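I opened the model to look up its overall form first, and then a handful of single residues. These are my notes, in the order in which I made them.

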Amino acid sequence: MKLWAGRFSKEVDKKTNDFNSSISFDSRMYKEDIEGSIAHATMLGKCGIIFGDESEAIVKGLEGILSDIESGKLEIDPNAEDIHTFIEGELTERLGQTGKRLHTARSRNDQVAVDIRLYLKKETVAVKGQLKELVSVLCNKAEQYSTAVMPGYTHLQRAQPITFGHHLMAYAEMLLRDIDRLDCAYKHMDEMPLGCGALATTTYPIDRTVTASLLGFSGICQNSLDGVSDRDFCMELASALSIVMVHLSRFSEEIIMWCSWEFKFVELDDAFSTGSSIMPQKKNPDIAELVRGKSGRVFGDLMTLLTVMKGIALAYNKDMQEDKEAIFDAIDTVKMCLTAFTPMIETMKVLPDNMRKAAAKGFINATDCADYLVKKGMPFRDAYKATGTLVALCIEKETTLEELPLEEYKKICETFDEGVYDAISLENCVNGRNVIGGPASENVRAQAKRVREYIQTK
């Protein structure tokens with residue numbers, strides 16, 4: 001039976017009912033719906049709005065329904081309008097008239113609002129846990145490869161020497177900000193809307209603080225119109241998840257390049273690669289490619305939520321039923337990507353010798369060569385020109401700055417002496433950059449230590 005059946009003289013058309021129904025996707029919130037109803041019934045009893053024995057019977061009935069759903073004894077009816085209707089109908093079937101008292105001082109509007117907040121709070125904590133695990137893996141890898149020299153890039157051109165550990169910690173910092181964004185979204189969904197009613201609260205003497213405390217909310221929605229029509233937290237969460245996917249996609253792009261023969265900086269474990277149906281030599285980075293591709297899906301979910309909400313007058317409108325599929329898909333996609341991505345990073349084989357060779361061939365110590373002249377008193381622009389001339393000479397002679405004889409240096413500039421070779425040593429170039437945030441190995445280890453300690457507080 002529909003919760004709103006009294007106003008209507010005939011049944012809804014089946015196709016219309018199917019179009020209107022949300023049970024196919026909101027059934028995942030059965031536990032949260034029951035938790036919210038238990039708290040509501042408990043509050044009704046404490047406030048004397050229903051008798052204490054009725055409150056107790058409703059709570060026990062709801063606990064029985066939850067137990068039966070989780071054990072498989074009770075199957076959720078796919079023909080029900082939504083999970084709220086199904087659970088209330090089942091409760092009424094078990095308790096009779098007493099079950100019908102549950103909906104006192106409550107609307108389905110504030111019931112839906114509390115369910116999705118409860119559900120998303122749990123899911124936000126779960127995603128945070130996965131991100132923290134990935135950050136921990138990155139810290140471990142960064143410490144392990146804090147001295148592994150590799151080329152740093154700008155415009156995808158070899159630019160200056162860094163370490164692999166330094167590169168990994170850049171992603172760790174991005175993910176830390178993602179965790180902070182999730183915390184912010186959590187804060188905004190941690191307000192309890194029950195008691196807002198359909199839009200204008202109720203004339204019953206309810207105590208919303210009791211319900212909020214029972215459900216673990218830090219506070220209550222302060223405006224009833226806002227409480228039932230707010231989906232900012234869904235949009236904010238989808239935005240935070242979209243940025244997570246931007247970071248995972250960028251990282252995936254680099255993994256894909258790094259494990260190509262053209263780079264060969266890493267090799268993915270066989271468990272996180274696939275082969276070709278026709279080319280027996282292939283080892284494809286499918287996991288990274290899928291993560292990169294699925295980012296667009298999460299971006300689409302965010303755009304769905306923004307579009308649904310942009311033109312809705314207060315308070316609740318049926319359009320808002322569209323919030324769930326979008327935010328559920330965003331959460332599911334991010335969790336699935338992290339489930340595959342983290343062990344892929346943890347198990348990948350790093351090839352530091354190949355990184356070192358690429359760094360040596362890219363003239364990425366040219367800035368340090370120029371700085372060497374500057375430290376001897378030459379203006380930077382003159383030093384820059386002299387070093388550029390040396391690079392052109394090396395390219396012509398098919399050699400590197402490290403291998404170029406000192407006499408060739410002196411032909412360009414008499415200021416050069418044997419000390420230039422120490423100055424342009426890739427290891428010295430890296431470790432000389434020990435400014436906070438720099439690639440020096442001691443900095444990388446210190447950064448990993450700081451990040452690891454920080455995520456333990458989150």
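Predicted model: local features only at pLDDT ≥ 70, side-chain atom pairs only at ≥ 80, totals over all residues.

Residues are numbered from 1 along each chain as its sequence is written, and side-chain values use heavy atoms, with hydrogens and water left out.

**Overall form**

I looked up the secondary structure and found 19 helices and six strands, where helices (H or I, at least four residues) and strands (E, at least two) are DSSP runs numbered from the N terminus. The radius of gyration is 30 Å, well over the 23 Å that the globule rule gives for 458 residues, so the protein is more spread out than a compact globule. For this I took the radius over C-alpha atoms, and the rule as 2.2 Å times the number of residues to the power 0.38. Along the principal axes, the C-alpha atoms fill a box of roughly 100 × 55 × 40 Å.

Of the 458 residues, 51% are buried, a term I use for under 20% relative accessible area, with exposed meaning over 50% and partly exposed in between (1.4 Å probe, protein chains only). Taking contact as heavy atoms within 4.5 Å, I see that residues 24 or more positions apart account for 75% of the contacts with a separation of 6 or more.

I also looked up the charges, counting Lys and Arg as positive and Asp and Glu as negative, without His and the chain ends. There are 55 positive and 69 negative side chains, and the centres of the two sets lie 1 Å apart, each charge being placed at NZ of Lys, CZ of Arg, CG of Asp or CD of Glu.

**Two serines in helix H10**

Serine 252 is found in helix H10, residues 232–258, and is buried, with a relative accessible area of 0%. A polar atom of its side chain lies 2.8 Å from the backbone oxygen of leucine 248. Beyond its neighbours within four places in sequence, serine 252 is in contact with Ala288, Val291, Arg292 and Phe341.

Serine 242 also has its place in helix H10 and counts as buried at 5% relative accessibility. Leaving out residues up to four places away in sequence, I find that serine 242 touches Val298, Phe299 and Leu302.

**Helix H13 and its cover**

Which residues of helix H13 (352–361) are buried? I list Met355, Ala358, Ala359 and Ala360. Their cover includes strands S1 (149–154), S2 (157–163), S5 (266–267) and S6 (349–350), together with helices H7 (164–189) and H18 (426–431). Phenylalanine 363, which follows H13, has a positive phi near 55°.

**Backbone points**

As a reminder, most residues other than glycine have a negative phi, and most peptide bonds are trans. Alanine 105, in the loop between helix H5 (83–95) and helix H6 (108–144), has a positive phi near 60° and is buried at 10% relative accessibility. Lysine 264 lies in the loop between H10 and S5; its phi is positive as well, near 55°, and at 17% relative accessibility lysine 264 counts as buried. The peptide bond from leucine 314 to alanine 315 is cis, with omega near 10°, and alanine 315 lies in the loop between helix H11 (286–309) and helix H12 (322–347).

Lysine 376 is found in the loop between helix H14 (366–374) and helix H15 (380–397), and is partly exposed at 41% relative accessibility. Apart from neighbours within four places in sequence, lysine 376 is in contact with Thr415 and Asp417. Its C-alpha lies 9.2 Å from that of phenylalanine 416, 40 residues apart in sequence.

Aspartate 422 has its place in helix H17, residues 419–423, and is exposed, with a relative accessible area of 54%. From its C-alpha to that of glutamate 402, 20 residues apart along the chain, I note 9.2 Å.

Technical notes
Polar contact = N/O pair within 3.5 Å; in protein donor to acceptor, adjacent residues only side chain to side chain.
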